[in-house]
Amino acid sequence: NAGVTQTPKFQVLKTGQSMTLQCAQDMNHEYMSWYRQDPGMGLRLIHYSVGAGITDQGEVPNGYNVSRSTTEDFPLRLLSAAPSQTSVYFCASSWQGPRSEKLFFGSGTQLSVL
Amino acid sequence: GIQVEQSPPDLILQEGANSTLRCNFSDSVNNLQWFHQNPWGQLINLFYIPSGTKQNGRLSATTVATERYSLLYISSSQTTDSGVYFCAVGTSGTYKYIFGTGTRLKVLA
């Protein structure tokens with residue numbers, strides 16, 4: 001099992017550009033989620049999904065879109081990047097969200113918006 | 001929503017020392033996990049511990065759910081223990097994990 005795979009590992013964008021961060025898991029997990037990590041603020045939930053076709057907002061959803069067309073994939077879209085979106089982004093998955101024992105993380109994407 | 005606070009925010013130890021990290025939460029939880037983020041940024045699950053006590057080698061954790069706190073104990077610390085330790089909680093009725101702001105640990109050789 002590869003676990004949770006995120007691409008790319010690093011990305012630099014200019015303000016106003018759009019891009020998609022990719023996340024895939026091969027553990028047949030129903031629950032997938034995106035977090036951003038900023039210095040001194042821990043991990044904050046952006047969006048999450050409890051299954052294909054079902055998504056919902058987390059703590060900081062503004063400026064981000066998600067969709068879940070398959071169990072395996074949960075891409076995060078930045079429609080018009082802003083410097084405030086400079087952060088490290090993590091994708092995570094588990095069997096059934098907080099009803100599951102373990103949350104598994106990808107290796108992260110470091111995003112800089114100039 | 002539920003609040004999660006971790007203390008201390010920073011901790012510096014000499015190799016071989018013991019330490020206790022604390023996680024306080026403001027409401028009942030049905031899921032509590034401890035994670036270690038290593039210096040390369042990778043997040044590793046250490047414990048799933050919504051209540052009770054667990055041990056894994058030099059690490060152990062205790063959650064007292066009725067008093068809304070959890071403790072992570074690191075004994076005989078090693079330089080490889082350096083990094084940031086996070087607790088995350090989940091509550092019944094939501095699908096959200098809420099993370100604390102972490103304890104940054106540095107172990108000196």
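**Ground rules.** The model is predicted, so I keep in mind that local features need pLDDT of at least 70 and side-chain atom pairs pLDDT 80 or more, while totals for chains, interfaces and linings use all residues. Residues count from 1 along each chain as written, chains are lettered from A and ligands numbered from 1 in written order, and side-chain values use heavy atoms, without hydrogens or water.

**Chain A, fold.** I looked up the elements and found zero helices and 11 strands (DSSP runs of E, at least two residues; helices would be H or I, at least four). The radius of gyration, over C-alpha atoms, is 13 Å, close to the 13 Å of the globule rule for 114 residues, so chain A is as compact as a globular protein of that length. That rule is 2.2 Å times the number of residues to the power 0.38.

**Chain A, burial.** I see 48% of the 114 residues buried, meaning under 20% relative accessible area with a 1.4 Å probe, protein chains only.

**Cores.** I checked the nonpolar cores, meaning buried Ala, Val, Leu, Ile, Met, Phe, Trp, Tyr and Cys joined through side-chain atoms within 4.5 Å. The largest has 22 residues, and Leu21(B), Phe25(B), Trp34(B), Leu72(B), Val89(B) and Leu105(B) touch the most other members. Strands of chain B that each supply at least two of its residues include β3 (19–25), β4 (31–37) and β9 (83–90). Apart from this core I noted another, of 18 residues, including Leu21(A), Leu78(A), Cys91(A) and Leu111(A).

Technical notes: Buried < 20%, exposed > 50% of the residue type's maximum accessible area, 1.4 Å probe, protein only.
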